[in-house]
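The paragraphs below walk through one protein chain, starting from a single residue and widening to the whole fold. Please keep the sequence and the model in view while reading.

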Amino acid sequence: MATINRAAVFPGPGEKLEVKDVGVNHPAPGEALIRNHAVALQPLDAKMLVAGYGPAASLQYPAVLGTSGAGIIEELGEGVSQFQVGDRVVFDTKAYVDSEKNAKQGTWQQLVICETSAIAKIGDVAFEQAVLVDFPLQTAVAALHVFLGMEVPGSGEKKEKVLIWGAGGAVGSYAVQYAKHVGYTVVVTASPRDIERQKRLGASQVIDYRSADVVEDLRKSGPYKYMFTASGDADSQKALSTLLPDGGRFASVLPRGIELPPYIEVVYTAFSQAAQKEEYSDWRKWWYQKYLPEVLVEGILEPVKFTKIDGGLAALQQANQDVFDGKVRGKLLINPQE
Ligand SMILES: NC(=O)c1ccc[n+]([C@@H]2O[C@H](COP(=O)([O-])OP(=O)(O)OC[C@H]3O[C@@H](n4cnc5c(N)ncnc54)[C@H](OP(=O)(O)O)[C@@H]3O)[C@@H](O)[C@H]2O)c1
């Protein structure tokens, strides 16, 4: 049985991470203890660490950041029959939605407690690949499927169109692929250097979001059954609302950033945390037991590019600063066991 568990402890807003031994926790009924081998840095984590953003305000300190990981089940609580010790898994925790659980479930540590309802088996898929896909794909699918009502793969209409704004990032790249798999014609905005990859992911048309004609070009290519801004910035929200002169809605990864007409609904929530809430338990089951394992094991989606940073938990402070400062393209990964 494990006796050492090191974590990158966040002492409090404005302070720096401290890597230290925090003791080993053991799983309660319905939980698993997972040896965490891969963590992908998300903009949310970086904003919480560097700027005290969003959920940072409701954490109890000292806290452990990170809500996703990939690794091997080391111990199981009572009553768990669907997993075995030794299973290779990807998982998400309640670290940001339940402050009481944060210390045990924050994933910037070597041994993480996780509720088994939020664990997916990954077979032989590399931990890095699994963790690269889970959080941003989950965000995209929650936004499109759970909150906008887009169907499941194979049931969309090719003659209808979906608009993904800011498709260059991880959430955007997976949103394009999901919408394409559902069966829609996908129009995206992205940087010109990304055109070839966007076409490979499933975009039928790629428009430069910095172009002066972007809204006019999008209007000519519309209308759109679903619209999603995966960059969430104010310019994107303004552009999408301009495409809805008679009213309507679009989803955004960030909250409303500008004043918009009252007939425009911006669908925003913590999409990445939705599966942790009981009201979405049906979706959670589909996600962890069916869709996510299928996507990973069958290699259905092209993962985003990543850079593995050496140094384990001790590398997190600087790496998050780099993400926060916008110096990183693709995702940064660390291995907490190093
Ligand atoms: N609400 C939620 O649940 C939720 C969940 C996950 C993420 N988010 C938020 O969603 C955003 C994206 O996350 P991510 O993981 O996809 O980030 P990411 O992978 O780091 O994506 C960054 C990329 O997005 C593109 N981009 C940046 N600013 C843009 C802009 N103003 N307009 C269009 N494209 C832009 C850039 O690509 P190019 O230079 O190639 O265009 C950039 O490299 C972050 O702000 C994050 O906090 C929210």
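Histidine 37 is placed in strand β3 (residues 31–40), where helices (H or I, at least four residues) and strands (E, at least two) are DSSP runs numbered from the N terminus. The model is a predicted one, in which local features need pLDDT of at least 70 and side-chain atom pairs count only at pLDDT 80 or more, while totals for chains, interfaces and linings use all residues. Residues are numbered from 1 along each chain as its sequence is written.

Is histidine 37 buried or exposed? Histidine 37 counts as buried because it has 20 C-beta neighbours inside 10 Å; a residue is called buried if 20 or more other C-beta atoms lie within 10 Å of its own, exposed if 12 or fewer, and partly exposed in between, with C-beta atoms placed from the backbone. Not counting residues up to four places away in sequence, histidine 37 touches Ala70, Gly71, Phe127, Asn335 and Gln337, a contact being a pair of residues whose C-beta atoms, placed from the backbone, lie within 7 Å. The C-alpha atoms of histidine 37 and isoleucine 334 are separated by 8.1 Å, although the two residues are 297 residues apart along the chain.

Strand β3 runs antiparallel to β7, to which 5 bridges join it, and two strands are said to pair if DSSP finds at least two bridges between them. Within this pairing, leucine 33 stands opposite isoleucine 113 in β7. In strand β7 (residues 111–115), 5 of the 5 residues are buried, so the strand is largely enclosed by the rest of the structure. In a regular strand the side chains alternate between the two faces of the sheet. In β7, Leu111, Ile113 and Glu115 point one way and Val112 and Cys114 the other way, and all are buried.

Strand β1 (residues 6–10) pairs with β2 in the antiparallel sense over 4 bridges, and arginine 6 stands opposite aspartate 21 in β2.

Glycine 52 follows α1 and has a positive phi, near 65°. Most residues other than glycine have a negative phi, and most peptide bonds are trans. A cis peptide bond, with omega about 0°, joins tyrosine 61 and proline 62, and proline 62 has its place in the loop between α1 (43–51) and β4. Glycine 222 and proline 223 are likewise joined by a cis peptide bond with omega about 0°, and proline 223 lies in the loop between α6 (214–221) and β12 (226–229).

At the level of domains, whose bounds come from an automatic or database domain assignment, the chain is divided into domain 1 (6–121 + 305–334) and domain 2 (137–271). The C-alpha centres of the two domains lie 29 Å apart.

Leaving aside its neighbours within four places in sequence, alanine 179 is in contact with Leu144, Met150, Val162, Ile164, Tyr184 and Val186.

Taken as a whole, the protein chain has 9 helices and 16 strands. Its radius of gyration, taken over C-alpha atoms, is 20 Å, close to the 20 Å that the globule rule gives for 338 residues, so the chain is as compact as a globular protein of that length; the rule is 2.2 Å times the number of residues to the power 0.38. Buried residues make up 49% of the 338 residues, and residues 24 or more positions apart account for 68% of the contacts with a separation of 6 or more.

Note on methods. Two residues are in contact if their C-beta atoms, placed from the backbone, lie within 7 Å.
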